[in-house]
Amino acid sequence: MSTDLRTRVLSEHNVSRETAEALDLYVAQLTRWQTVKNLVGPATLSEVWHRHIADALQLLTLAPEAKRWLDLGSGAGIPGLILAIVGKGCPDFHVSLVESNARKCAFLSETARLTGAPVTVHNARIEATIGSLTGIDIVCARALASLTQLLTWTEPLLTSGTVGLFPKGRDAAAELTEAEDAWTFTRDLIPSRTDSQARIVRVTSLSRVDP
């Protein structure tokens, strides 16, 4: 089944043989490091091509022209490192990965080196780093924080033209309602291709609600 899923994911995203080999290397690295550092839920490793790789790559289909990406709380590199592996053949494609855990940063740096992924790893807290990151087309974050918190962190970007892509689970609508108490923003709620109950919140403008 895993082999069938791999073949389907690679076909759906028109991945080259070289990129497929780099994704295989990412999966091997993830499996090896998982024994040392709990990077992902153990039960999801057997479904890595669907639960993690396909889930990450659907973001590329929502912003095919984007070149400069920022992934917050990157952890195991989902989605940021996976996006960089697939996007490395595109001129000027680059992903900034922000992660405060040093051991996870070691995984990101080593795997990026092995796969040739065009990334910069920032071993820092989001609030200490985001103000220095400019020229970002897309900011994303998966399974990191509530939408309200994500909007708070990314305000400097989303108020200056960056688009937010935030994968959310079954509570996406409730998170939107909560966020609208503090923020005014233009958004789309996009069905996930990998989970019928999940949604991707796309934010294209942002301003604070007047007190």
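# A guided tour of the predicted model

Begin with strands S4 and S5: S4 covers residues 138–140, S5 covers residues 163–168, and the two run parallel, joined by 3 bridges. Helices (H or I, at least four residues) and strands (E, at least two) are DSSP runs, numbered from the N terminus, and two strands pair if DSSP finds at least two bridges between them.

The model is predicted, and residues are numbered from 1 along each chain as its sequence is written. Local features need pLDDT of at least 70 and side-chain atom pairs count only at pLDDT 80 or more, while totals for chains, interfaces and linings use all residues; side-chain values use heavy atoms, with hydrogens and water left out.

**The sheet**

Select Cys-140 next; its bridge partner in S5 is Leu-165. Then display S5 as a whole, of which 5 of the 6 residues are buried, so this strand is largely enclosed by the rest of the structure. Here buried means under 20% relative accessible area, exposed means over 50%, and partly exposed lies in between (1.4 Å probe, protein chains only).

Contact means heavy atoms within 4.5 Å. Axes are lines fitted to C-alpha atoms, for helices over the stretch in contact, and angles run from 0 to 180 degrees between N-to-C directions.

**A residue in S2**

Centre the view on Val-98, which lies in strand S2. Val-98 has 2% relative accessibility and counts as buried. Leaving out residues up to four places away in sequence, Val-98 touches a set of residues including Leu-70, Leu-72, Ser-74, His-122, Ile-126 and Leu-133.

**Helix H2 and its neighbours**

Select helix H2 (residues 17–34) together with helix H4 (residues 80–87). Their axes are 9 Å apart, and the helices pack at an angle of about 155°. That makes H2 roughly antiparallel to H4. Angles under 35 degrees count as roughly parallel, over 145 as roughly antiparallel, 65 to 115 as roughly perpendicular and the rest as oblique. The crossing of H2 and H4 is right-handed; a crossing is right-handed if the near helix is turned clockwise from the far one by less than a right angle, and left-handed if anticlockwise.

Show side chains at this contact: H2 contributes Thr-19, Ala-22, Leu-23 and Tyr-26, and H4 contributes Leu-81, Ile-82, Ile-85 and Val-86. By class, 7 residues are nonpolar, 1 is polar and none is charged. Ala, Val, Leu, Ile, Met, Phe, Trp, Tyr, Cys and Pro count as nonpolar, Asp, Glu, Lys and Arg as charged, and the others, Gly among them, as polar.

In the contact, Leu-23, Asp-24, Val-27 and Leu-30 of H2 meet Val-48, Trp-49 and Ile-53 of H3. The classes here are 6 nonpolar, no polar and 1 charged.

**Loops**

Go to Ile-136, in the loop between helix H6 (126–129) and S4. Ile-136 is buried, with a relative accessible area of 10%. Apart from neighbours within four places in sequence, Ile-136 is in contact with Arg-68, Trp-69, Leu-70, Leu-157 and Thr-162.

Next, select Ile-78 and Pro-79, which are joined by a cis peptide bond with omega of about 10°. Pro-79 is in the loop between strand S1 (68–72) and H4.

Finish with two backbone cases. Most residues other than glycine have a negative phi, and most peptide bonds are trans. Asn-14, not a glycine, has a positive phi of about 50°; Asn-14 lies in the loop between helix H1 (2–12) and H2 and is exposed, with a relative accessible area of 71%. Ala-143, not a glycine, has a positive phi of about 55°. Ala-143 is in the loop between S4 and helix H7 (147–158), and at 78% relative accessibility Ala-143 counts as exposed.
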